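Subject: The structure I promised you

Hi,

Have a look at it first, then read on.

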Amino acid sequence: MKSITAILAAAFLLLGVVAPPALSQPYPSKPITIVVKDQMGELKLSTSRDYRIVLPKTRAWKNARGLWITGGHNVVVIGGTVDVGYGWRDGDGDVVKRAAYFRDTTGILHVEGIRFMSSSTQKLTEGINISTPDGYVRLFNVWMSSLLTGSQRTNHADVIQAWGGPRSLLVDGM
């Protein structure tokens, strides 16, 4: 029996959609490698370049704004933990503890084996927000290890919320 990933990849090929990177060698050709440092905030990437984002392997990456990627053509993030800690305050003064925000990627965004958490309260106010109308998003084995909480007035506790995109969203192992 074929896996759902294989079936969906075949369907994307039939439709003429760019296939996700092969999991055995998921990196785009000649990517720019970015090794993240704590509290980097938003990662602003050129939409004409490919990237490999490297998270720490022996500890959680501490970034109050979560895994926030803006731009990039093909972007690959594999393995690691993202800790938003106490989060940040928005323009209304509300605390935001968002796991990830993916915006304006123009190719394939491949996120695999990432754990999202808040070490401060064990609660996230948002999961993954996606606004990539020209991109394709693949989420494999992603884990929200902190409770998702929110309110109707402020942040909704959606695991995944897409605004105006992506062209396709493939989730396997959430």
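The accessible surface of the protein is about 8700 Å², and carbon and sulfur atoms own 54% of it (areas are from the Shrake-Rupley method with a 1.4 Å probe; for residues, only the protein chains shown count as cover). Before going further, please keep in mind that this is a predicted model, where local features need pLDDT of at least 70, side-chain atom pairs count only at pLDDT 80 or more, and totals for chains, interfaces and linings use all residues. Residues are numbered from 1 along each chain as its sequence is written, and side-chain values use heavy atoms, leaving out hydrogens and water.

Of the 174 residues, 49% count as buried (under 20% relative accessible area; exposed is over 50%, and partly exposed lies in between, with a 1.4 Å probe and protein chains only). Among contacts with a separation of 6 or more, 70% are between residues 24 or more positions apart (a contact being heavy atoms within 4.5 Å).

Now the inside. The largest nonpolar core has 29 residues, and those with the most contacts inside it are Ile53, Leu67, Ile69, Phe102, Phe116 and Ile128 (such a core is a set of buried Ala, Val, Leu, Ile, Met, Phe, Trp, Tyr and Cys residues joined through side-chain atoms within 4.5 Å). Several strands give two or more residues to this core, including strand 3 (51–54), strand 6 (75–83) and strand 10 (108–117). Strand 10 gives the most, with four residues. As for Ile53, its contacts include Ile34, Leu43, Ile69, Val75 and Val77, leaving aside residues up to four places away in sequence.

Which strands pair with strand 6 in the parallel sense? Strand 3 does, over three bridges, with Arg52 opposite Val76. Strand 4 (residues 61–62) also runs parallel to strand 6, joined by two bridges, and there Lys62 stands opposite Asp83. Strand 10 is joined to strand 6 by eight bridges, again parallel, and Gly80 has Ile114 as its bridge partner. (Two strands pair if DSSP finds at least two bridges between them.)

Two loop residues are worth a click. Ser146 sits in the loop between strand 14 (143–144) and strand 15 (147–148) and counts as buried, at 5% relative accessibility. Beyond four places in sequence, Ser146 touches Phe116, Met117, Ser118, Gln122, Lys123 and Leu124.

Val159, Leu169, Val171 and Met174 make a nonpolar surface patch of about 290 Å² (patch residues have over 30% relative accessible area and no salt bridge; like charges are joined within 9 Å, nonpolar side chains (Val, Leu, Ile, Met, Phe, Trp, Tyr) within 5 Å; a salt bridge is a side-chain nitrogen of Lys or Arg within 4 Å of a carboxyl oxygen of Asp or Glu). Met174 comes in the segment after strand 17 (168–172) and is partly exposed, at 43% relative accessible area.

Cheers
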